[in-house]
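Visitor: Hello! Could you walk me through this structure, one question at a time?

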Amino acid sequence: MTRRPRLSTLLAAIVLVAVPLAGGTPARTQGAAPPLEARVVPGTPPTLQLVIPPAPGAGAAPRPRVVQVMLDRDSLADALIRDQSDELWQDIGKVNGVLQDAGGDALWHVMRSDAADPAKVRIGIANVDLNASDAGTPVPGDPTLRVLLPLRAGDRALPLEVSTGPSIDRLSPPVTVEARLEKPADVDPGAKLRFAADAATPLALALGTPVTLSWHITDCVQATLSGPIDYRQPVLAITPDKGVCAGSKKVLAMGPATYQLTAEIAGTAPSRVSAVVTRMVALDVRRFDQFAHLTLTPPSVLPGGKVRARWYIRELPVDDRREVMLSWTDANGNRRLQRLRASASQTSSGEMSFAVPQSAGAADTAVRLHYGDESIARSFEIERWQVAGTSPPAAGALRGMAFAGGRLVLCGENGLFLSDVGAGGGIEPDGTGKTNDPFPAFTRVPLRLGARAEGERADRLPLQEAPCLAVRAVDADRVAVLAQIDKPVPGQPAYAELTLLAPRDQAASTPVTLADDPINIAAAQRRDYQIALLRGRLIVQVEIGPLDRSGGLNARSSVKAFSIAEGDIRTGRVGWRAEPALATDELSPRYGWHLVDGFGTDNEALLLVNEVSGATARFEADPRSAERLAQARASGSPARLAAAREAVEIDFPTAASSVPKAQAAALAEGPVLNVGGVLVALGAGLAYNPQTNEWQKGAFGETGGRGSVAAYRGDNEPRLWLMTAEGKRLSLTVESPRLFAADYFENTRAASLPYLVLGANVTIRTREPLNWRTDKRTRLEKTGEQPDTVNCTVKGVTSAVAMVTSSYTLFYPDRDFELVGTSADRKTNISKAHLGKGSWDVTVSSDPCASVRVEPAPVPSR
């Protein structure tokens, strides 16, 4: 049998004979054509009912037979209006709501096709395939055929054009038929039709659960069951037995599915017109992601870094055929698989940290939680340092690097060097930077220094050639530079100059001279200068003196503080004002303290880390100082702002977590800088999270070891630059400081939670609203409240009690804590404890009618 090509203008005609039905006078074909019964019957849904009787001489060998009905397109139900396809005729016998007699083992073909008039549509009814170019094999037998087509509305008669013939190419001219409106007798669908599934929870089934659909229809003329019965049988025709359609069908729950039973029920006197009734049963499986959750922190990681996977699973369906597995790629690039413990009776949770490969291309960056054929996948990014090339170390030994005014400032023993940096641009395949290079080579640029003080030496080196001791960006446009005036002289103080540089304008403010006690250069010396910011003032630490014999560290250090004037430094105004030294008597021991930069928009804290013990002291400005500074900024008065900055009060240091001794000695060997609020020690492989007050070990792809320097730009395109002692230049896009500290949150509201992994929906029923409290690392948000009535049994007596149902969203860390609720009069007290690892204790309540229900729920990704 060959297929017909698509013919959009194919027309046909039909000649029909009909057997009259009892009750009413249905419309019939007019003229020479034999009669055809057609009626429009209101109902749910309304239907166009066609009755096609056997052809004259039925009983002989099967003969091809084709009937075509043309009607207005907008009359048919939406399900019958299909999009165009490569097939001229489209099968609509599989559409929910289309009924037809079986006609033996094979069904008649009920199809639709577009007409030449776009406002019309054609319905083809045939015992052969209408898309075949030859007649094919007709359906055996020629019984009376009843076809019911669902309509969009059933409140008016429909004009039809009907044609018939032995094939689609040999149809008689169309005959007009009016399908009159005929209302059926009232039918009680509930009494006539029952359709149900034997599943107790049809919308929360385990995958592959067998479900039995059963039906019973009285006064049944015919019925169809449609839906995903199996891949071979989307529609099941149901034939009555003595007026009853009864049966069942077993299906498997493999996903969301809707089964529709459409039944034609015989009418009763005075009208015998059939009614069409539909019933639906919906099934759905409980997908794995509905009762399991997986998160990864951080969302991106540097090569060799660690990713932490955390999961929780609640009320796992009992299924001996499946178990929960976790898969990931280890540091060697091998795929790993681990079984996880899960229970159907309680929530289970866990976590695992793993290192990612050093090579970004060697890892599958997806971590998957498996349950049989289902899985939940979460991915992380492996960031890549961009290598921009290697520059000869013309700057000599590197002392620091900073970004301001669109330029990088490199500080070295041979002076200052500047580099213009672009917005990015990426790296060429050969490993060199593109035209818009994020990190071009450095060049020495002449710098204009502000007016010198009277009596200052005229033969001093230009600023760009003077040995640079330390550098630090002050804001988006200025850099603080500490430069050496001349070489130390035995028995004389050592001098350095502190100046404020505007790289964009290549100009510097009037310098301020720093002097230290005379030193003995005959012995081994340590010279170390460090600059940091604290609430708008510069902090400078100077360590100069003989090396300690035992620890190899300087036994003396001094810490000085300076405030920044608000004027334009290019006008010649003095840019710095000396202030009293910061006392360090309370620090013990007093040698080997490494000054670490602050964090936050106002550099709200300062850390000193001991290079031997790893002990960390954290200095913070008094909060009242910050308030005065904010008020001065709001006033717009430069005088008030200068006074507020000068009045900064520094609290005594508080303890912070210690740096491991193995990393403490390496802390000063490589760059330590503020990356978006996290302090990153590239040389030691450590990061300090101010929210948790913890130093954390990490892998940053490039260690930035001894002699390396780094700088950070925190604008709309945050970027980190690193230059090694050998002159190798690298840069890295830093979308989030969580790249270095996984538990750091830029969102201050979420910062109270170390990991937003666990969440729950909480439903509380009490006689009156209660005030709820929990610890500071747990967040409870109210989502609704409504009155309710609960049947409560107290001392054997059950009665209806007026209650209030309150709903909350809960975010919590996986550790012990308690929810406590108290009424305004303190007579009602309720508590519910979380015992960690996803386990909730029973509710303890002074009211036996109150209840607290906690249902774990997925937490939004961050």
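This is a predicted model: local features need pLDDT of at least 70, side-chain atom pairs count only at pLDDT 80 or more; totals for chains, interfaces and linings use all residues.

Visitor: What distance separates the sulfur atoms of Cys411 and Cys468?

Guide: The cut-off for a disulfide is 2.5 Å between the sulfur atoms. Cys411 and Cys468 are joined by such a bond. Their S to S distance is 1.9 Å.

Visitor: Is the disulfide of Cys411 and Cys468 left-handed or right-handed?

Guide: Look at the torsion about the S-S bond of Cys411 and Cys468, which is about -105 degrees. With that torsion, the disulfide is left-handed.

Visitor: How many residues apart are Cys411 and Cys468, and in which strands do they lie?

Guide: Cys411 belongs to strand β29 (residues 407-412), while Cys468 belongs to strand β31 (residues 468-473). The pair links distant parts of the chain, and the separation is 57 residues.

Visitor: Is Cys468 buried or exposed?

Guide: Buried means under 20% relative accessible area. Cys468 has a relative accessible area of 0%, so this cysteine is buried.

Visitor: Which parts does the pair Cys220 and Cys245 tie together?

Guide: Both of these cysteines, Cys220 and Cys245, are buried. The torsion about their S-S bond is about -75 degrees, so this disulfide is left-handed. The two cysteines are 25 residues apart in sequence, and the parts tied together are strand β13 (residues 220-230) and strand β15 (residues 244-253).

Visitor: Where does Cys849 lie?

Guide: Its partner Cys792 is in strand β53 (residues 779-794). Cys849 is 57 residues away from Cys792, and both are buried. Cys849 lies in the loop between β57 (840-845) and β58 (851-857).

Visitor: Let's turn to the rings. Why is the pair of Phe288 and Tyr371 called stacked?

Guide: A search of the whole structure finds eight aromatic pairs, and this is one of them. Planes under 30 degrees apart count as stacked. The ring centres of Phe288 and Tyr371 are 5.3 Å apart, and the pair is stacked because the planes are at 25 degrees.

Visitor: In which elements do Phe403 and Trp721 lie?

Guide: These rings also form a stacked pair, 5.2 Å centre to centre, and both residues are buried. They are 318 residues apart, so to speak distant parts of the chain that the pair links. Phe403 is in strand β28 (residues 398-404) and Trp721 is in strand β49 (residues 719-723).

Visitor: Which residue lies over the face of Phe403?

Guide: A charge sits over a ring if, among other conditions, CZ of Arg is within 6 Å of the ring centre. Here the distance from the ring centre is 5.5 Å. The residue over the face of Phe403 is Arg713.

Visitor: Which residue in the turn between β21 and β22 has a positive phi?

Guide: Strands β21 (residues 324-329) and β22 (residues 335-339) pair in the antiparallel sense over five bridges. They form a hairpin with five residues between them. The residue with a positive phi, about 85 degrees, is Gly333.

Definitions and conventions: Residues are numbered from 1 along each chain as its sequence is written. Side-chain values use heavy atoms; hydrogens and water are left out. Rings of Phe, Tyr and Trp (its six-membered ring) pair if their centres lie within 6.5 Å; planes under 30 degrees apart count as stacked, over 60 as edge-to-face and the rest as tilted. Helices (H or I, at least four residues) and strands (E, at least two) are DSSP runs, numbered from the N terminus. Buried means under 20% relative accessible area, exposed over 50%, partly exposed in between (1.4 Å probe, protein chains only). A charge sits over a ring if NZ of Lys or CZ of Arg is within 6 Å of the ring centre and within 35 degrees of the ring normal. Two strands pair if DSSP finds at least two bridges between them.
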